[in-house]
Amino acid sequence: MKEKQTLNNPTNQLPTHAQVVIIGGGVIGCSVAYHLTKLGWRDVVLLERKDLTCGTTWHAAGLVESSMFDSAVKNDMAKYTQELYQKLGEETGQDTGFRRVGYLELASSKEYLEGFRRAADFGRYYGHVIEELSPSEIKKMWPLLKTDDLLAGFYCPDDARVNPVDVTMALAKGARMGGARIFEDTKVTGIKQKNGRVTGVVTEKGEIEAEYVVNCGGMWAREVGQMAGVHVPLHAAEHYYLITEPIDGIHRDLPIVDDSARFAYYREETGGLMIGLFEPVAAPWGHKGIPETFKFDELAPDWDRMIPHLELAMERIPVAKTAGVHKFFCGPESFTPDLESLMGEAPNLKNYYVAAGFNSLGILLGGGVGQVMAQWIVDGLPPIDICDVDIARMLPFQNNPRYLRDRTVELLGLMYAQSYHNLQNEMARNARKSPFHDRLAEAGAWFGAYAGWEYPDWFAPEGVEPKVEYTWGRQNWFEYAAAEHRAAREGVTLMDYSVMGKLLVQGRDAEKALNRICANNMVVPIGRCVYTQWLNERGRIEADLTVTRLAEDQYLVLTGDATITAVQAWLKRNIPPDAHVCVTNITSAYSVLNVQGPKSRDLLSRVTNADMSNEAFPFLTLQEIDIGYALVLALRVSYVGELGWELYIPTEFSLHVFDTLVEAGQDVGLVFAGLQALETLRLEKAYRDYGNDVDNLDTPLEVGLSRFVDFDKPGGFIGKEALLRHKEAGVKHRLVQFLLEDPEPLLYYNEIIYRDGEPVGRILAGGYGHTLGASVGLGYVENEEGVTADYVKSGMYEIQVAGVRYPAKASLRPMYDPKLERVRS
């Protein structure tokens, strides 16, 4: 099946220069090469250490499903991939084995049923055909399936399967037809760079100068990243499937079956049954390195460990128990710490791109990934929402070998877990803690993890063990978080907010540089806090944050710690090289306590000599105040919609300040609050959250933030001209706040919005509005003819939750405190 390299490179001579060098000859590398040539880039070189597909691509199951994702980005990439694979054989003359057999997801519990109904709503919105089947209909479609415990199935007739090697060879052939050159048996041993920009690669056969380098190294991507000083956190794990001898009743037109409750998938293979496993406790592999000779290797299967998982999986198709075993295969697959892809330009090395870590979905997403990466490289900006996949979301510690090994244990099983909004990893935890962690644990905190930080999500009452019982309904902590929510509205709460990322920007040119990067005006008095967006040349949002002036030549940039790497990279890339500006990450220098609620002024006035009155300490200002023996930076700002302050505390004084506040708080009814309460409070106030309801494809106009853009400031800002063009053209989608009229249903994300009976968008973030009395969410209303205020106001709205539509109110203004009276009180 595989073409000989000498057919396309008769001299087999490595070039000394290329516009782009791609490292890795699996499906992803070949797809990137193919799509670059489709965009007219011919000077493309792909280097493969051994043979094309010899890493993990060759043993993939070849599933091409696109219908039941809960991610718009994955949905779009998978859908394009399916369309590409269907026509690729005809284009290249290399058959891909594409066969449309359909895909069937089984629901054996009420939780799976609701989860899949939610996913089906989302999939149908994106144009997929998804049928909900009864157990009897499932039995008719797949007679050998055991169905007596099933509640329903979700059938996607358009989904397919392919031959992974043939697909990759077709992509490689298409890339060659477009001018790309592919060299096998050419291992990359080093990355060349100068002045923060990649300049080429070093191989065993010589050096190649290059304007761009793309790391598509698969399970070697971390190693290739280390050559360049780029963190590419992924780790391999053993992945298993069993193939039986031929079985009567198994034929090639049967749909692929997923049984998430059994962590297994099933499909036909040469007349027998393939049973693929994603066991909940996996075995990491390659922790001490991948053997140099690895090439189409198989790993020795651990029968003793895997037999219980096989037995569980075989219960779904009982005839498999008596069928002969043709092969029990074990091979490595690589996984990332958060089970999202690693894509995009490295934050610390210009023109060094990464496309790796596809968590066993490389074939399924391969075409879309190649298309996205090629467009990204050519344009310099991504064509998709990258918040979940941008490699810049990762922090350096997440590339720690032990962290990766320990986290990988649970990742395979999580591929088949229900996508609850608050689902948390359990492995590789409890290392990155704020100074307040133990105090809050004693107070009953249940901790989630964000950017490695252990943060209090909610607090259990005294005598109740803090643990989560996951469900699509009201989870066991619902009323605890409701009490925290009410305390913020009526009294005073204390939150550990140390997850905030903090950058110190200083130098005599700091004002000038930031004023060019920020859409809002940074020429403000010392102590003034400015809410702003950073835009790219297309007028779209790269960051959503606050910037506070500390001195004539100093500013404090505050953002979420998961975005700190991307924010710092954007900042450095857009500061002129000759500017006198220094950027320092000071996240670990300060812990943060968030004091919020109408009684917050009363509490703080008890522990400081500073005047906390509205006149002396107005909204959106920062002052240094004393608390106990410490000096802290107090920033009067709110993400909950109440009077409040964020306290930035030198780390060594953290517990002293905490204890001082808690002691004084006894007299005013201080309540600890977690980030679940923060989320529902901010949703009632319709505050935005970058990465959830705002992303890099949005402009401030579409998300209701144009009032924070200063079009008239001298010198303008990055993206101004493009934003003005957007403003003149009008917007085609707009972020709107919704409130259900029925108090029972729960909004989380991806629920479909209907206007006058027609689908017009989806909820991006939802939660229960304990003050408003029902579920509240932020979501887009879309209309090709334009979305004006009148268009939003004139419609009748419903939101679909697990197949049922519920009436909803829509508003462009916050439904809670629209005039900011409470925040400014």
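This is a predicted model: local features need pLDDT of at least 70, side-chain atom pairs count only at pLDDT 80 or more; totals for chains, interfaces and linings use all residues.
What is the order of the open sheet of 3 strands, and is the pairing parallel or antiparallel?

## A three-stranded open sheet

The order is 3-8-4, and the pairing is antiparallel. Strand 3 (63-64) and strand 4 (99-100) are the edge strands, each of them pairing on one side only. Strands of a sheet pair through backbone hydrogen bonds, either parallel or antiparallel.

Strand 4 and strand 8 (residues 160-161) run antiparallel and are joined by 2 bridges. Across this pairing, Arg99 stands opposite Arg161 in strand 8.

## Arg636: buried without a salt bridge

Arg636 sits in the loop that connects strand 32 (630-635) with strand 33 (644-650). Arg636 is buried, yet no salt bridge is found for it. The nearest side chain of opposite charge belongs to Glu615, at 8.0 Å. A salt bridge would require a side-chain nitrogen of Lys or Arg within 4 Å of a carboxyl oxygen of Asp or Glu.

Which backbone oxygen does the side chain of Arg636 reach at 2.9 Å? The backbone oxygen is that of Phe617. The Arg636 side chain also reaches the backbone oxygen of Val823, at 3.0 Å.

## Helix 15

Helix 15 spans residues 654-665, 12 residues in total. From the first C-alpha to the last, helix 15 reaches 16 Å, close to the 16 Å expected at 1.5 Å a residue.

Its buried residues are Ser654, Val657, Phe658, Thr660, Leu661, Ala664 and Gly665. Because these residues cover an arc of only 165 degrees around the axis, they lie on the same side of helix 15.

Phe263 has a phi near 55 degrees, which is a positive value in a residue other than glycine. Phe263 belongs to the loop between strand 14 (256-259) and strand 15 (264-269). Its relative accessibility is 23%, so Phe263 counts as partly exposed.

Leu620 is not a glycine either, and its phi is positive at about 60 degrees. This residue is placed in the loop between helix 14 (600-607) and strand 31 (622-627). Is Leu620 buried or exposed? With a relative accessibility of 17%, Leu620 counts as buried, because the cut-off for buried is under 20%.

Note on methods. Residues are numbered from 1 along each chain as its sequence is written. Side-chain values use heavy atoms; hydrogens and water are left out. Helices (H or I, at least four residues) and strands (E, at least two) are DSSP runs, numbered from the N terminus. Buried means under 20% relative accessible area, exposed over 50%, partly exposed in between (1.4 Å probe, protein chains only). Lys and Arg count as positive and Asp and Glu as negative; His and the chain ends are not counted. A polar contact is a pair of N or O atoms within 3.5 Å; within protein, one must be able to donate a hydrogen and the other to accept it, and residues adjacent in sequence count only if both atoms are side-chain atoms. The expected span of a helix is 1.5 Å times one less than its number of residues. The arc is that of the directions from the helix axis to the C-beta atoms. Two strands pair if DSSP finds at least two bridges between them.
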